[in-house]
Amino acid sequence: MSVFKLNESTLDALGHYLFPFVIEFALIAAAIYYKIMTNIGAVVNPSYKKWVEEHHHHINRPVSECHKASSGVFFGLVVLLLVVMATIVYIVGNNDRTNAYLGVINNLCVNFIALIACICGYLKMRKLNYIGYSENRTDETLLFIAVSGLYFLLAVFLTATFGAINSDKGEDTFVILFLASSIVQFIQATVQIVFITDGLR
């Protein structure tokens, strides 16, 4: 029975993509530790507790409404499966040009689907009650730290992309795809941050 084994060069190549998970884990662990230490002995905000008691009938939704989430789970699993398949092809493939196109197209498609999902979720979320303030300041801080890093990365990408336009006639298609992917990623990240920030309220 043949077993797929990752050699050292493959692990080194994957390390660049997996390193952000280490940073994200460290940020989340620090935020959780901070939240635990600041909430020891704290009491619930009286105004928030009063709002929950007044709108108790709006919060306790019937469990039967959860069946509507099945479509989201299904489409999420389909997208995850496609990303895993593209990742496997990227790792196993030997053609650098094909891998580059595959990575850019995969990134473009995933960000476009996520953008559509955020817009649909935002339209459905308009029916919910709006509190006007958030009890999760730590989560918002983590979000803004993450999106500021993403904006800086996209700024570098866009600068390099504009500099590469017309420099190599054979790679104009790839440069245009990369530019479109970066722009869609910027729009998607902005919409998602607004969506999550409003959702916390």
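Residues are numbered from 1 along each chain as its sequence is written, and side-chain values use heavy atoms, with hydrogens and water left out. Since this is a predicted model, local features need pLDDT of at least 70 and side-chain atom pairs count only at pLDDT 80 or more, while totals for chains, interfaces and linings use all residues.

**Exercise 1. The whole protein**

Task: Find how many helices and strands the protein has, and what share of its residues is buried.

Solution: 
- Start with the secondary structure, which comes to 7 helices and 0 strands. Helices (H or I, at least four residues) and strands (E, at least two) are DSSP runs, numbered from the N terminus.
- Along the sequence, the pattern reads α-α-α-α-α-α-α.
- Next, take burial: 15% of the 201 residues are buried. Buried means under 20% relative accessible area, exposed over 50%, and partly exposed in between (1.4 Å probe, protein chains only).

**Exercise 2. Helices α6 and α7**

Task: Work out how α6 and α7 are oriented to each other, and which residues meet.

Solution: 
- Locate the two helices: α6 covers residues 137-164 and α7 covers residues 172-199.
- They pack at an angle of about 165°, with axes 10 Å apart. Axes are lines fitted to C-alpha atoms, for helices over the stretch in contact, and angles run from 0 to 180 degrees between N-to-C directions.
- α6 and α7 are therefore roughly antiparallel. Angles under 35 degrees count as roughly parallel, over 145 as roughly antiparallel, 65 to 115 as roughly perpendicular and the rest as oblique.
- Now list some contacts (heavy atoms within 4.5 Å). Among the residues that meet are F144, L150 and F157 of α6, and F178, F186 and I193 of α7.
- Sorted by class, the residues of this contact are 18 nonpolar, 5 polar and 1 charged. Ala, Val, Leu, Ile, Met, Phe, Trp, Tyr, Cys and Pro count as nonpolar, Asp, Glu, Lys and Arg as charged, and the others, Gly among them, as polar.

**Exercise 3. A closer look at L150**

Task: Decide whether L150 is buried, partly exposed or exposed, and name its contacts beyond four places in sequence.

Solution: 
- L150 sits in helix α6.
- Its relative accessible area is 22%, so L150 is partly exposed.
- Setting aside neighbours within four places in sequence, L150 touches Q185 and A189.
- L150 and F186 are 36 residues apart along the chain, and their C-alpha atoms are separated by 8.2 Å.

**Exercise 4. Two pairs that involve α5**

Task: Find how α5 is oriented to α7, and how α4 is oriented to α5.

Solution: 
- α5 (residues 96-125) packs with α7 at about 30°, their axes 8 Å apart. These two helices are therefore roughly parallel.
- The contact of α5 with α7 holds 21 nonpolar, 9 polar and 1 charged residues.
- α4 (residues 70-92) packs with α5 at about 165°, their axes 10 Å apart. That makes α4 roughly antiparallel to α5.
- Residues making this contact include V83 and Y90 of α4, together with N99 and I113 of α5.
- By class, the contact of α4 with α5 has 8 nonpolar, 2 polar and no charged residues.
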